[in-house]
Structure formats: C-alpha cells, structure tokens
Amino acid sequence: MTDRRTVYETITGLIEPFNKKGVSLADATTFQGDLEWDSLTVMDFVASTEDEFDIIITMNMQAEIETIGQLVDVVMKLKA
Amino acid sequence: MTETTEMLRVDATPALPHDLMSKFDGLIAERQALADSGVRDPFAIVMEQVKSPTVAVIKGKETILLGTYNYMGMTFDPDVIQAGKDALDQFGSGTNGSRMLNGTFRDHIDAEEALKEFYALDHAMVFSTGYLANLGIISTLVGKGEYIILDADSHASIYDGCALGNAEIVRFRHNSVEDLDKRLGRLPKEPGKLVVLEGVYSMLGDIAPLKEMVAVARKHGAMVLVDEAHSMGFFGEHGRGVYEQEGLEGQVDFIIGTFSKSVGTVGGFCVSTHPKFEAMRMACRPYIFTASLPPSVVATAATSIRKLMHAHDKRRHLWENSRRLHGGLTAMGYTLGTEKPESAIIAVILKDQAQAITLWQTLLEAGVYVNMARPPATPAGTFLLRCSLCAEHTAEQITTVLRQFKVAGQAVGVIG
C-alpha cells in the first residue's frame with residue numbers, strides 16, 4: 001500500500017522544519033551527526049512522525065535508529 | 001576562584017590508547033570557560049553554616065535560601081530534631097544492612113506506618129532515596145512486552161527507572177492529555193501499561209492536568225503512577241499532593257514521594273492501593289541491594305510526616321509566599337515559567353546561560369540564593385533561575401528578595 005519512496009518523502013518533509021542548517025538529505029543522513037539534533041529536537045520530530053503515520057516508535061526502537069533510511073524502514077514495518 | 005580552578009585543572013592524560021575519560025572533554029572545556037569568565041560556579045556552592053530552613057552562610061555571607069526543597073521548613077522543627085537524637089542514642093548511627101536482611105529497625109516500620117496514616121492507604125514502602133523509589137518501582141513493576149507511557153518532561157529518576165527495566169517506553173508531549181490519549185490508543189490492547197505522571201514538574205513549577213490524564217489512562221485500561229515529590233505537604237486538604245487536590249483519591253495506583261523535600265530529611269517511598277503491593281519488597285532490586293536509611297533519619301521522617309498532617313498554618317503561609325513572589329516578579333516584568341503561581345516553585349526564564357549566570361551571581365552577592373538550571377535538566381533548552389519557597393520564609397524575607405530581584409534585574413538588564 002505505502003511505497004518506500006512516499007514514506008521517504010513524507011519523512012524528509014517532516015524533517016524540514018527541524019533542518020535549521022539546511023543539510024541535504026539522503027538515506028544515509030544521520031540525525032545526530034549530520035543534522036546535529038539534540039534530544040529535545042528528536043522528541044519533537046518523533047512525535048510529529050508518530051502522528052503523521054499514526055504509529056508508535058518506542059524509545060527502545062529509537063535507540064536503534066541512526067539514519068533517515070533506518071527510520072523509513074521502521075515506519076514501513078510498522079505500517080505493514 | 002582558586003578551588004574551582006584547581007578542581008578543573010587537567011593533569012597529564014594517562015598513556016593508554018583509548019582514554020575513557022576523553023568523552024568528557026566538552027564538559028571540562030565548558031566549565032573551564034565559565035571559570036575563566038570570572039563568575040562563580042553555580043554547581044559548587046558550599047553552605048558553611050545553616051542557621052534555619054531559610055538562612056545559610058555562604059562564603060562568609062548570611063544568605064536567604066530561595067532555592068531549596070525545604071517547602072514546609074521542617075528541618076529545624078524541635079520535635080523532629082529530638083526524634084532523630086533519641087533514635088541515634090537508642091539505635092546507633094546506622095543499620096549496616098539491607099531492608100530485606102538486618103536493615104529494618106522499629107523506626108523504618110514506624111515511618112511506613114506514618115505514611116499509611118498520612119495517605120490513608122494500606123501499603124507503604126520506604127526506600128533509601130526518592131531516586132531509588134522511582135528506579136525500583138518503575139523497573140520492577142513493568143516487565144518485558146509491557147508498556148510505560150511517560151511525560152516527555154519527566155524527572156531523570158523516572159527515565160532511569162525505564163532504562164533499568166525491560167519494558168517498552170513511549171513518551172507523550174508534556175502535559176498534553178490529547179497526546180497521551182492518542183498514544184495509548186495506538187498501543188496493542190492486551191499488554192499491561194503504566195502511565196507515569198508527576199503532580200508538580202520541578203523545573204517550571206507547573207502542575208499536571210491529573211484529572212483528565214487519569215481518566216484517559218483508565219479509559220485505556222492503564223495503571224497510573226504519580227510522583228508527588230514536589231507537592232507533598234501543601235496540595236489538597238491533607239497535604240497528600242496534586243492528586244488529592246484534584247479529587248483522585250483511590251484512582252491512582254502508585255504514589256511516589258520523598259523525604260528530602262517537605263519532610264525535611266532524606267529517603268523515598270511508594271504508597272499504594274494495590275492489595276498485592278507487599279510483594280514488591282521481594283522483587284525490587286533498588287530496595288533490596290542497598291543499605292537502609294539510618295535510624296535517626298527514619299525517626300525524623302516519621303515525626304515530620306505526622307506533623308505535616310496538621311500543618312494548616314504552614315500550608316497557608318507557603319501559598320501566600322508563592323503568590324507574593326510570583327506577583328512581585330511579574331509586576332517587575334520578569335518572564336516566569338507559569339502564568340499563575342501553581343506551586344512553591346517560581347521559575348524565572350532567561351535568554352541564555354550568560355544572562356542566567358550573571359543574574360544568579362548578582363543575587364548571590366546580594367545575599368539571595370536561587371538555583372541556576374540549564375539544559376538538559378530544563379525543558380525546551382531554557383536557562384532559568386528557579387526560586388522555591390518555604391513556609392518559614394517571613395514576609396520581610398520575601399520583601400528583601402523582591403527588592404534584590406529588582407536591583408539585580410535592572411543591573412543585568414533583564415528588566416527595565
């Protein structure tokens with residue numbers, strides 16, 4: 001139903017308001033290293049992603065997610 | 001300055017391929033920069049003498065304490081002190097053991113009895129600190145495959161309780177009933193769930209909409225734990241906390257509290273309505289694998305808790321102080337953490353670390369101690385000066401504090 005490209009585009013759209021440095025985004029972009037997000041930004045972004053897809057990304061799952069690609073995969077799995 | 005500088009001096013790094021301490025280089029540099037700027041270190045205050053719940057001597061100067069958790073001013077209560085002295089004489093200085101083995105004395109039981117009387121509940125369990133109470137209850141209660149749903153602004157001890165256990169952790173936006181409802185609604189129905197809330201959030205001094213939140217938790221079949229550390233003694237008719245004020249008696253499964261705030265000593269506890277609660281003593285590692293509180297501490301706690309049940313005048317005076325400080329600071333043009341005085345904590349929001357530290361130091365030099373708080377302890381990356389009131393602050397002390405806030409705020413350029 002949802003293809004990976006659509007999920008990727010939705011997620012990069014959600015990242016934009018938090019992408020203060022204008023980093024160019026790709027599957028391998030990391031939240032901490034490339035986007036330089038602190039824990040509060042992560043919290044805000046995760047909440048908006050959860051609401052967008054109507055899912056729960058537990059803190060346990062969040063600990064394993066470092067890149068945009070990994071997040072897209074998690075969302076795909078949760079929506080499956 | 002000398003002791004600060006010395007403490008920060010970095011000696012030659014040990015000759016190892018990977019120095020585990022190098023991850024703290026950023027912190028060391030930040031503190032060094034602070035020290036080099038010539039300000040006093042807000043995290044290295046020493047009280048040379050403590051004269052009362054509201055006055056201490058810091059660097060030889062008599063200082064009004066406006067940044068302690070001694071909300072009800074019980075630390076110098078003569079009955080409380082006498083109870084501690086008697087226990088020292090009769091039971092010695094320590095227990096040398098765990099609550100499970102040789103570390104339960106008469107007064108540990110008495111402190112638990114005092115808590116049952118105070119809360120009018122059947123079960124109470126005393127821990128060695130409030131931090132351990134959250135660590136122990138949260139990590140033990142919620143197991144693998146079950147869910148903890150917590151407010152994003154929760155205290156570190158709640159987060160650490162989550163980290164120690166094996167449950168799935170879900171956060172919701174601070175104090176948002178709608179956000180909590182949505183998240184609970186997305187979780188699978190079957191597994192057990194615990195919603196963790198706080199009565200008063202200690203950084204901004206704001207209170208939780210507990211009535212709505214508990215209703216939402218119940219609707220989704222979740223149990224509820226409320227940490228009432230910063231509300232015990234002066235919320236609700238019997239001083240039980242925000243949950244009592246909101247009329248939620250019997251609807252909160254677990255209440256966490258501490259002896260280190262209104263009670264005026266140190267220690268933590270959980271009280272519960274649950275008929276099987278006593279089983280927790282046999283499973284809770286932060287209860288079992290640590291030393292129990294010294295007899296003098298539990299004796300002072302028991303005496304203080306029983307006095308707090310009837311401390312109506314103190315409660316009234318504490319609220320008066322809170323309203324007066326909040327009103328006075330608002331009138332001067334300060335930005336505060338809450339629009340109205342919601343608790344005994346009044347947070348002054350500042351624009352950055354430099355402004356916060358300069359105002360903090362100016363106040364300290366004028367004889368007023370408040371807390372400087374910064375991220376990650378504070379929400380939304382804010383820098384603030386946190387004032388906490390005491391029932392023993394006199395009207396004259398509040399007048400002095402307000403005058404110093406005016407002078408210091410104008411000197412630093414925070415207010416006009």
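In chain B, 16 residues of domain 1 are in contact with 13 residues of domain 2, where two residues are in contact if their C-beta atoms, placed from the backbone, lie within 7 Å. On the side of domain 1 of chain B that touches domain 2 of chain B, the elements that give two or more residues are α13 (312-332) and β13 (345-350) of chain B. Helices (H or I, at least four residues) and strands (E, at least two) are DSSP runs, numbered from the N terminus. The residues on this side of domain 1 of chain B comprise nine nonpolar, four polar and three charged; Ala, Val, Leu, Ile, Met, Phe, Trp, Tyr, Cys and Pro count as nonpolar, Asp, Glu, Lys and Arg as charged, and the others, Gly among them, as polar. Domain 1 of chain B covers 32-65 + 312-412, and domain 2 covers 78-308, with bounds from an automatic or database domain assignment. Taken over C-alpha atoms, the centres of domain 1 and domain 2 of chain B are separated by 27 Å.

The structure is a predicted model, in which local features need pLDDT of at least 70, side-chain atom pairs count only at pLDDT 80 or more, and totals for chains, interfaces and linings use all residues. Residues are numbered from 1 along each chain as its sequence is written, while chains are lettered from A and ligands numbered from 1 in the order in which they are written.

β13(B) also belongs to an open sheet of three strands in the order β13-β16-β15 (chain B), with antiparallel pairing; two strands pair if DSSP finds at least two bridges between them. Its edge strands, each pairing on one side only, are β13 and β15 (371-373) of chain B. On average, and with direction ignored, neighbouring strands of this sheet are turned by 25° against each other. Three bridges link β15(B) and β16 (residues 383-388) of chain B in the antiparallel sense, and B:Met372 stands opposite B:Leu385 in β16(B). Two helices lie across strands of this sheet. α13(B) lies across β13 and β16 of chain B and runs at about 20° to β13(B). Helix α14 (residues 353-365) of chain B lies across β13, β15 and β16 of chain B, at about 35° to β16(B). For these angles, axes are lines fitted to C-alpha atoms, for helices over the stretch in contact, and angles run from 0 to 180 degrees between N-to-C directions.

A second open sheet has four strands in the order β1-β2-β3-β14 (chain B), and its pairing is mixed. β1 and β14 (368-369) of chain B are the edge strands, each pairing on one side only. Strands β1 (residues 47-52) and β2 (residues 55-58) of chain B pair in the antiparallel sense over four bridges, and a hairpin of two residues joins β1(B) to β2(B). B:Ala56 in β2(B) is the bridge partner of B:Val50. B:Ala56 also stands opposite B:Thr63 in β3(B); β2(B) and β3 (residues 61-65) of chain B run antiparallel and are joined by four bridges.

The contact between the chains takes twelve residues from chain B and ten residues from chain A. On the side of chain B that touches chain A, β6 (168-172) and α7 (177-186) of chain B are the elements that give two or more residues. The largest share, four residues, comes from β6(B). This side of chain B divides into six nonpolar, one polar and five charged residues.
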